[in-house]
Amino acid sequence: MPPASPTKRVNLRTPEVMEEVQAAVESHYHSPMVERLRATGGVGRFGDVTVRLAKQFGFCYGVERAIDLAYAARKVFADRNIYLVGEIIHNPDVNAQLTAMGIRTLSGPCKLTDIDSLSPDDVVIIPAFGAEVSVQERIKARGCQIVDTTCGDVMSVWKRVRQYANDGVTSIIHGKADHEETRATSSRARSTGGAGHFLVVYNLAETDAVCSYLRQGGDREEFLAKFRHACSEGFDPDVHLQKIGVANQTTMLRSETEEVQRRLRAAVLARDGADDNFRVFDTICGATQERQDALLEMLVAPPDLMLVVGGYNSSNTTHLADMAKEKAPTYFILNAGCLESADRIRHFDTQACQEVNASGWLPCGPICVGITAGASCPSNLIEDVLLRLLELKGVPGPATV
Ligand code: SF4
């Protein structure tokens, strides 16, 4: 292994670099049509099709920054190998674009090399979700140039769970245990000396299992088996649930996170007669919240159908789809290619966790279609969906926006 050297600090975002980066990013992901629609209140009428865009949708500030940094890295380190830890964000079209720019990946099905094979000349991009402490340490040990695009809102969660660990409080993280962000956060919940503990709960059923143990104990082995992939090494429910602090993956559903917090607090209160051993910090990010709020506002008067656009592994997009389907027929689609015909559509079933086919999705005659998109979905994909929808309805589109 080459000797570890401290990562050199390089300012990638100089005015000259950013001018070119902005031009490239706009050409890849921008949509004048979507921007015009947004500027006119998000409502467009095209023949007998009314399109309503949510007031907030698509790329968030954290994703924009991560993409800018990746593009800037490609420009500044033009003659060096650049690797990405996993996906930069959860959108296959954006990840494919980075691959086309020669940015290779260090994990997943398209992985090209291992961290242990990296050299000090290599550049490694940490994605917007962050990376686990151990992964970052291994990359640092190879002496690589690191370009860290971790979103500031994710780092705020890390600060909370580190504080819990330093105070002897176990982090209960509302999130998906195998999601990159939650894995990165969990690793910080061990704190610097690895003394802290964490437990990840994905939903209310798992929360209730923890609450039950808090209130009346239970079968320790059964509990550990249930959470075997979602807790810290050495976690003991009889010891490490004495003091708990709740945090959450930034992209969870606000209403569910609040209920997780409420149930856990109630369980500690029931056990201790006080909530001194309970802490909470709501760590849902502003962008996730705005997109959920905007969708709720749109659903006050539900459209005839909803299209939710984004990567199928995108947490925030999945929650938007789940919210929408409570009020309107909803199709969670990856891109315009999913709109196969006026009869057939491919879409993601969030319960079955798989893409499925459906028929008869697009009603004849006048229709109002609501569209929203997750924080990792670029506007050009939304425009493609809109144009495909109009094509299937036999309506000429953009000129009337
Ligand atoms: S969804 Fe939130 S936490 Fe994730 S990159 Fe965007 S702003 Fe940051």
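Me: Let's start with Val-201. In which strand does Val-201 lie?

Reply: Val-201 lies in strand E8, which covers residues 198-201. Keep in mind as we go that this is a predicted model.

Me: How do I read burial there: is Val-201 buried or exposed?

Reply: The idea is to count the other C-beta atoms within 10 Å of a residue's own, and 20 or more make it buried. Val-201 has 24 of them, so it is buried.

Me: Which residues is Val-201 in contact with, leaving aside neighbours within four places in sequence?

Reply: Val-201 is in contact with Ile-172, His-174, Glu-206, Thr-207, Val-210 and Val-260. For a sense of scale, take Val-395: it is 194 residues from Val-201 along the chain, and their C-alpha atoms are separated by 46 Å.

Me: His-174 is in that list. Which other residue touches His-174?

Reply: Thr-257 does. Not counting residues up to four places away in sequence, Thr-257 also touches Asn-248, Met-252, Asp-282 and Ile-284. Its place is in helix H11, residues 254-272.

Me: Can we step back to the whole protein? How many helices and strands does the protein have?

Reply: There are 14 helices and 15 strands. The radius of gyration is 23 Å, close to the 21 Å that the globule rule gives for 401 residues, so the protein is as compact as a globular protein of that length. Its C-alpha trace spans about 65 × 55 × 35 Å along the principal axes.

Me: What share of the residues count as buried?

Reply: Of the 401 residues, 48% do. Among contacts with a separation of 6 or more, 73% join residues 24 or more positions apart.

Me: How do I read burial along a helix? Which residues of helix H5 are buried?

Reply: List the buried residues, then look at where they point around the axis. In H5, residues 133-141, the buried ones are Val-135, Gln-136 and Ile-139. They cover an arc of only 95 degrees around the axis, which puts them on the same side of H5. Strand E5 (123-126) and strand E6 (145-148) are included in what covers these buried residues. After H5 comes Gly-143, with a positive phi near 80 degrees.

Me: What about helix H13: how many of its residues are buried?

Reply: Nine of the 11 residues of H13 (315-325) are buried, and the helix is mostly covered. Among them are Ser-315, His-319, Leu-320 and Met-323. The cover includes helix H12, strand E11 (305-309), strand E12 (330-333) and strand E15 (367-373). Thr-318 is in this helix, and it is buried, with 23 other C-beta atoms within 10 Å.

Me: You mentioned phi. Which residue has a positive phi although it is not a glycine?

Reply: Look at Cys-353, with a phi of about 55 degrees. Cys-353 is found in the loop between strand E13 (344-349) and strand E14 (354-359). It has 10 C-beta neighbours inside 10 Å, so it counts as exposed.

Me: Now the ligand. Which residues come nearest to it?

Reply: Of the 15 residues around the ligand, those are Cys-60, Gly-62, Cys-151, Thr-250 and Cys-285. The elements giving two or more residues to this shell are helix H3 (61-76), helix H6 (152-166) and helix H12 (286-298). H3 gives the most, with three residues. Sorting by class, the shell has nine nonpolar, five polar and one charged residues.

Me: Last topic, domains. Into which domains is the protein divided?

Reply: They are domain 1 (27-59 + 286-396), domain 2 (61-151) and domain 3 (153-280). The centres of domain 1 and domain 2 are separated by 30 Å, taken over C-alpha atoms. Their contact takes 13 residues from domain 1 and 11 residues from domain 2. On the domain 1 side, six are nonpolar, seven are polar and none are charged.

Key
Residues are numbered from 1 along each chain as its sequence is written. This is a predicted model: local features need pLDDT of at least 70, side-chain atom pairs count only at pLDDT 80 or more; totals for chains, interfaces and linings use all residues. Helices (H or I, at least four residues) and strands (E, at least two) are DSSP runs, numbered from the N terminus. The radius of gyration is taken over C-alpha atoms; the globule rule is 2.2 Å times the number of residues to the power 0.38. A residue is buried if 20 or more other C-beta atoms lie within 10 Å of its own, exposed if 12 or fewer, and partly exposed in between; C-beta atoms are placed from the backbone. Two residues are in contact if their C-beta atoms, placed from the backbone, lie within 7 Å. A residue is near a molecule or strand if its C-beta atom, placed from the backbone, lies within 6 Å of it. Ala, Val, Leu, Ile, Met, Phe, Trp, Tyr, Cys and Pro count as nonpolar, Asp, Glu, Lys and Arg as charged, and the others, Gly among them, as polar. The arc is that of the directions from the helix axis to the C-beta atoms. Domain bounds come from an automatic or database domain assignment.
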